[in-house]
Structure formats: C-alpha cells, structure tokens
Amino acid sequence: SGTESWILMATGRTPTNIAVIKYWGKRDEALILPVNDSISVTLDPDHLSATTTVAVCPTFDRDRMWLNGKEIPLSGDRFQSCLREIRKLADDVEDEKKGIRIRKDDWQKLHVHIASYNNFPTAAGLASSAAGLACFVFTLANLMNVKEDCGKLSSIARQGSGSACRSMYGGFVKWTMGKDACGSDSIAVQLASESYWNDLVIIIAVVSSKQKETSSTTGMRDSVETSPLLQHRAQTVVPGRILQMEEAIRSRDFASFARLTCADSNQFHAVCLDTSPPIFYMNDTSHRIISLVERWNRSEGTPQAAYTFDAGPNAVLIAPNRKSAGLLLQRLLFCFPPPADNELSSYVMGDKSI
Ligand code: 2P0
C-alpha cells in the first residue's frame, strides 16, 4: 500500500451447467431465492466456460468490467452485489516478493478491473450468465483471500444469477432452495463429482444463433405472477423428482435419469406456455429434435438419449456413452443434413429449414 505502484491479479475458469431438474421462479427477487430445488450437470471446462481475470491496483479509481473485450457498465448490476458480498469477506493479502501488503479494510477502498471471456459465442443464446457470475465470484474470492467454503461462495454467486450457484462445483450439483429469509441456506451442494458418471456424453445442438426474446429473469417473473401450473410444479411435482433424480444419479440409472430429464424440460416449457402472455422458447426445430429422440427411445423400448431445453431453442442432448452418442449424431444428421460444403462446427441447425 502507500504511494508505490503495483498490480495484483487472479485468473479463473468456470464451466457452465445444464439443469436436468429446472429452476424457474423466484420467491425473493432481490436475493434470488427460488421456488424449488434444482439439479444440474456442470460441463467440462474445455467447452462452454468463462475465463475471468480480476486485477486490483491502487491507481484504479473505480470498478470496471470488460466482457469479451468490450467494456460493460457495472452500476446497478448484479455483479455489484457479488462484489459487495466478497469485499465483506476479504482478508489480508501479503506478497513479499512484490512488496504488496493489503489489509482486510483496504479492500473497501481498492477498486477492481474485471476482464471476462466466454469460449463460446454469447450470441448463440447458450447459458453464459451462470459460468460468468460463478467465475467472477470464485476468482474475486481468490484475489481477496476469502477463506469461506464453496457453499458460502455459491450463495454469493446465486445473488448474481440463480443458476450460477450450481457452477461452483463440477459433476452433478443440487441447488437447495433453502428455508430462511436471508438466503444463507439457499446454496449449491455437490451430489457426485465429475468423474462419477463420466461415460455420459453431452451434445449441444445449436438450433438458432439468435438472441432469445424473453430473458430468463423477466420470463420467470411473469410465470410466478400468472402461471397456476408453476405453483403445482414447485409444490407437488419437483420435490418428488429431486429425490428420484438423486437416486438415478446415485445408481447411474440412465433410463430413469433420461425420463426425468425429458419430463422436467417439457414441464418447464409447459409452464412457459401457461404464462400470460405465453413464452415460446422452443421452435419447430426444437420440437423435431424432441420427436426424433422420443421415436428412437420408444422404438428401442428404453431411453437411448435424453433432451433438455433451457430458455431458448437450442437442444442439450445427453447420451449414456460414446456409442449411443454416435448413433444419436447419425440420426440428427440424417434429419438435419448439413450443407455439403460447410464445416459442421459452423453449421446451425434449423437456420436454413425455418
Ligand atoms: C436452469 N434456467 O435451471 C433454468 C432452466 C433457464 C431454464 O436458470 O434471474 O439466468 O439470473 O436467476 O439463472 C436461467 O435463469 O436467471 C435458468 P436469474 P438465470 O438452468
């Protein structure tokens, strides 16, 4: 500290997560407390992940943030609430080599610069807030020498974006809705590590590269206010499904896992349709993918693959192993043949057929 100049940085990488039992609806908007528990699988960091560098320097005069190289405003943002919460938990940092000594209280006055990158196109409408907020909280906590455990950090990430709390762990993760009013028990817990069920293959079929029309935040607010099905789902359906899903994961029972995953995705989209005005996240191509998987599963007599859709038309497909994943890809490519001269990686299903 003092007048000398120095810069201290930390970098982290966090993957996004895909819910298999969905979060949809808040009971407290400010604290982001959900109306039901949810369960997700965190992806491999090589694919959909956020990388964030946080820097602190005595000459920084305000907190600033860049997303994919472009500065974005921080004021009033949910990043601010995460920053405030982490600052409260900050501890002394000493780096003798660099001659840096930051005391706990100094963190209140020091400003941070945050640079975050997604290794996937934000425009593709794939969940980016979960990875971004989780990575931000995790990296900031490292920089500020926060000693709290991942559970506590997950409750801070939750205040940035609900689904972000689940990216605090790898593997299968449950976000427990919690009971208390301040949200201290609305945290993520790991159900199984990333290596527990590593035969599973996840395929993301990009159906449209357009940005979604209704954000999750406003969509779920409208659903809470207008959908009678949402109340039924949260109170009567999800509690049982959570227990069944935990059991399916524990016993690596793919058939049960797939049935629950598909049913829960469909119910979430039914709640969207039950909202006034109705929300349409899926499109014709999404529906064709559902039919394709349903037909295949029915013809084999037992689930070969699961599908799940979030707040957009892109399909997340889960196969029990590489062999099934290969067969699934064959079926997808048969129904949605890519243009011959195109690279498969840049081919967006449905952009042509709609
Ligand atoms: C989920 N989704 O469980 C569900 C399924 C989308 C569909 O969590 O308002 O971006 O920031 O808490 O976390 C998307 O909602 O919403 C989401 P906020 P978030 O993954």
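I'll start with a loop: I32 sits between strand 3 (26–28) and strand 4 (33–34). Helices and strands here are DSSP runs numbered from the N terminus, helices being H or I with at least four residues and strands E with at least two. The model is a predicted one, where local features need pLDDT of at least 70 and side-chain atom pairs count only at pLDDT 80 or more, while totals for chains, interfaces and linings use all residues. Residue numbers run from 1 along each chain as its sequence is written.

Back to I32. Its phi is near 55 degrees, a positive value in a residue other than glycine. Is I32 buried or exposed? I32 is buried, because 24 other C-beta atoms lie within 10 Å. The cut-offs are these: 20 or more other C-beta atoms within 10 Å of a residue's own is buried, 12 or fewer is exposed, and in between is partly exposed, with C-beta atoms placed from the backbone.

R252 is also not a glycine, and has a positive phi of about 45 degrees. Its loop lies between helix 5 (228–250) and helix 6. R252 has 14 other C-beta atoms within 10 Å, so R252 is partly exposed.

One more loop. P277 is between helix 6 (254–273) and helix 7 (284–300). The peptide bond that joins S276 and P277 is cis, with omega about -5 degrees.

Now the helix packing. Two packed helices are described by the angle between their axes and the distance between the axes. The axes are lines fitted to C-alpha atoms, for helices over the stretch in contact, and angles run from 0 to 180 degrees between N-to-C directions.

Take helix 1 (residues 78–89) and helix 2 (residues 129–143). Their axes are 10 Å apart, at an angle of about 25 degrees. That is why helix 1 is roughly parallel to helix 2. Angles under 35 degrees count as roughly parallel, over 145 as roughly antiparallel, 65 to 115 as roughly perpendicular, and the rest as oblique. From helix 1, F79, C82, L83 and I86 meet L133, F136, V137, L140 and A141 of helix 2. Contact means that the C-beta atoms, placed from the backbone, lie within 7 Å. This contact has nine nonpolar residues, no polar and no charged. Nonpolar covers Ala, Val, Leu, Ile, Met, Phe, Trp, Tyr, Cys and Pro; charged covers Asp, Glu, Lys and Arg; the others, Gly among them, are polar.

Next, helix 2 and helix 3. The angle is about 130 degrees and the axes are 9 Å apart. The two helices are therefore oblique to each other. L133, A134, V137, F138 and A141 in helix 2 meet L153, I156 and A157 in helix 3. Eight residues of this contact are nonpolar, with no polar and no charged.

A157 belongs to helix 3 (residues 150–158). With 33 other C-beta atoms within 10 Å, A157 is buried. Leaving out residues up to four places away in sequence, A157 touches C82, L133, A134, V137, A164, C165 and M168.

Last, the domains. The assignment, which is automatic or from a database, gives domain 1 (8–192) and domain 2 (201–346). Their C-alpha centres lie 26 Å apart. Domain 1 puts 20 residues into the contact and domain 2 puts in 29 residues. On the side of domain 1, strand 2 (17–21) and strand 13 (188–192) are the elements that give two or more residues.

Terms used:
Two residues are in contact if their C-beta atoms, placed from the backbone, lie within 7 Å.
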